[in-house]
2 protein chains.
Amino acid sequence: MALIVQKYGGTSVGSISRIKAVARRVVRTVEQGNRVVVVVSAMAGETDKLIDLSRQITDMPDEREMDLLLSSGERVSSALTAMAIQSLGYRSMSFTGRQVGIITDSSHTKAMIERVEAERLRRVLREGIIPVVAGFQGISASSDVTTLGRGGSDTTAVAIAVALKADLCEIYTDVDGVYTADPRIVKEARKQERISYDEMLEMASLGAKVLHSRAVEFAKKYDAPIVVRSSFNNKPGTLVTREDREMEKIVVSGVTYDKNQARITIMSVPDRPGIAARLFKAIADANIVVDMIVQNVSTKTKKTDISFTVPIADAKKALNITREVSKELGARGVNMNTNIAKVSIVGVGMRSHFGVASKMFETLAKKGINIMMISTSEIKLSCVIDVKDTEKAVRALHRAFIV
Amino acid sequence: MALIVQKYGGTSVGSISRIKAVARRVVRTVEQGNRVVVVVSAMAGETDKLIDLSRQITDMPDEREMDLLLSSGERVSSALTAMAIQSLGYRSMSFTGRQVGIITDSSHTKAMIERVEAERLRRVLREGIIPVVAGFQGISASSDVTTLGRGGSDTTAVAIAVALKADLCEIYTDVDGVYTADPRIVKEARKQERISYDEMLEMASLGAKVLHSRAVEFAKKYDAPIVVRSSFNNKPGTLVTREDREMEKIVVSGVTYDKNQARITIMSVPDRPGIAARLFKAIADANIVVDMIVQNVSTKTKKTDISFTVPIADAKKALNITREVSKELGARGVNMNTNIAKVSIVGVGMRSHFGVASKMFETLAKKGINIMMISTSEIKLSCVIDVKDTEKAVRALHRAFIV
């Protein structure tokens, strides 16, 4: 008898008929001899609706209030899903993040899970009850409701799988698995059977929205296998697991893009030690994650430009912070470009293959696409380009490296 | 400096512009030198929307799941209201029922408040923060979310006013106060300046939906003054307070009606001791509140009919229970009538005035209205009639007793 955590995303519980379908799948899994813990996101569109309500009040909503507001969506879907399972004749109970002991830090709207106190969940499972957990949310030491950031329900699912030592964590979504590229852009894109945690991590952080990156980190740390699959069919999905020899033979396993970044440049800052630290500490203190950072070579004037990218949702906040720091430091000014995209190639095989970078630059150059920023890691290469060239770049890179 | 609890109902927070208006009123009260605790209901329509979703899954939703589902509405409105107050430049924080220590029993969907652990609320007020409390909800000993039944936000407000020893509890709604009758039915109906707890209690339990009856009981027990007023204007409203001499001079202070009752009759049950107890214990065990009970005089056959009324929402459940008990007891059968209404006259002056009952029966008889059941209390007289006669009866009674 296996213990399986099944996480259903927003479109999977997007309507009452979808919720009933989820209940049937859960019950089928139980009837096959497994124990199941269900984790649900808010019904599709609900979180956006709540965000829209808050925006009608203020551009800068208090993050503690945002968390109480947004956490309500998963409460609704978990209660409805538990009811749907009950109506199939099975015992089921819904639980909030607090009730299943998801204890987080107090970084509202992007809290980190500190521990999972899963006693109640274990007791409920022993009693033969199917628990349905409201994803995305936890509780801080001060007893306030926190949320884990967008896509945080994935993290809830993996954290619970790890806490319960589950055999498998299934992430149900509206796509069949992890593709070599976005199939809406690249016709030849195909589903991958297996992918390593690190590759998935790069893809998630690069904007392939199938799996939240913190969830993958969590799974990697505890070696918890994840399957990404569709709740709309019975296809097997993509297994995200430990890296092995087979995987290394493939140089590039995927091409991704991310249009949700903004580039901020602080111009002509004095080039002396501690400048970058001053800027990025201020930004980190505001809980903003900086992605790429590029600093130009210093000229004779001892002045330099620093460019960096942040998620577009944080851009306004980051811009304000940068402006303040800019004044303090006596820089010439700050500008922001939101019309950018990041295209990336990912693969564990890149470690042992040469010439991948030059081939990527050449491919983009041939298509007349200008590269604004470059960033590399062991298994990833990213270029920031003009947003209008995104689709052209992704297609060209897929053709060059995969098909 | 007074401490005022202001409770805003569903229509008062029914849209973002309404929520902004609430924030302005709260801030105005603070600027006049008061401290304010805000209690909010769910945005109008939200609770019904959630109930509708659950009905699409099952006719008999689990009550624990219902509570988690329904409690989400007040979380949304409290977070949005706190944001709106913040955006006017004041410090504000939203709190769930759990966070302000509303501890209830575990009767899901109609829980009773056992105590209020208001330490956090006191601390927040000391810090000059305006707390916005999600009404209608609490938490049970097993850490599960409970709700206080429809209109329960009134009870939250009064319970908090009592716990904090507030000077006043203002209940903001979409009417100007408590009228002598429903102004939609009776043109001459007028707003009452003052009304006693007992009168308000009878009116609330009789279907005058301005104030939840449990809230009034709570206020009466602790002698906490309540003002019922409109959030759509600045009229003074109706003060609900301790009874005094002046009030006794008025025989009938209001005429009310209730169309949300169903009558159940169990026919030809053996008339022996313990029969009624058996039936009403079974119904009470299901947490259903029985309103009127009429038992006919026993005939020679030693058989009797028992009729009683229950809220229409509980009618199906009560009917099923009654049918089971009926079989057990060897009764002839059970029937139910949902096309009934209860019309009532209320007034503390009734205690010291004679002939009120006969005048009421005469008034209805003159209009050709048949009386199905009668129920009396010290300060109230109710008749169950056919629902189609409701408006005619209310108008006739208002004319006979008030204008």
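User: Hi! Which residue stands opposite V133(B) in β6(B)?

Analyst: Hi there! That would be F95(B). Before we go on, this is a predicted model, where local features need pLDDT of at least 70, side-chain atom pairs count only at pLDDT 80 or more, and totals for chains, interfaces and linings use all residues. Residues are numbered from 1 along each chain as its sequence is written, while chains are lettered from A and ligands numbered from 1 in the order in which they are written.

User: Thanks. How many bridges join β3(B) and β6(B)?

Analyst: Four, and the two strands pair in the parallel sense. Pairing here requires DSSP to find at least two bridges between the strands. The elements are DSSP runs numbered from the N terminus: helices are H or I with at least four residues, strands are E with at least two.

User: And what about β2(B) with β6(B), how many bridges there?

Analyst: Three bridges, again parallel, with β2(B) spanning residues 35–40. In that pairing, V39(B) has V133(B) as its bridge partner in β6(B).

User: Is β6(B) buried or exposed?

Analyst: Buried: five of the five residues of β6(B), residues 130–134, are buried, so the strand is largely enclosed by the rest of the structure. For the cut-offs, C-beta atoms are placed from the backbone, and a residue is buried if 20 or more other C-beta atoms lie within 10 Å of its own, exposed if 12 or fewer, and partly exposed in between. I130(B), V132(B) and A134(B) point one way from the strand, and P131(B) and V133(B) point the other way.

User: Nice. Hopping to chain A, which strands does β2(A) pair with?

Analyst: Among them are β1(A) and β6(A). β1(A), residues 3–8, runs parallel to β2(A) and is joined to it by six bridges; I4(A) has V36(A) as its bridge partner there. β6(A), residues 130–134, pairs with β2(A) in the parallel sense over three bridges, and V132(A) in β6(A) stands opposite V38(A).

User: What sort of unit do β1(A), α1(A) and β2(A) make?

Analyst: A right-handed β-α-β unit, with α1(A) covering residues 16–31. Right-handed means that, with the strands pointing away from the viewer, the path from the first strand over the helix to the second runs clockwise. As for burial, five of the six residues of β2(A) are buried, so that strand is largely enclosed by the rest of the structure.

User: What rotation superposes chain B on chain A?

Analyst: One of 179 degrees, with 0.0 Å of shift along its axis and an RMSD of 0.1 Å. The two copies are thus related as by a two-fold rotation axis. In chain B, the C-alpha nearest that axis belongs to S72(B), at 2.5 Å. Both copies use the same surface, with 100% of the contact residues of chain B recurring in chain A.

User: Which residues does R332(B) touch?

Analyst: Not counting residues up to four places away in sequence, R332(B) touches M267(B) and S268(B). With 11 C-beta neighbours inside 10 Å, R332(B) counts as exposed.

Definitions and conventions
Copies are superposed by least squares on the C-alpha atoms of residues with pLDDT of at least 70 in both. Two residues are in contact if their C-beta atoms, placed from the backbone, lie within 7 Å.
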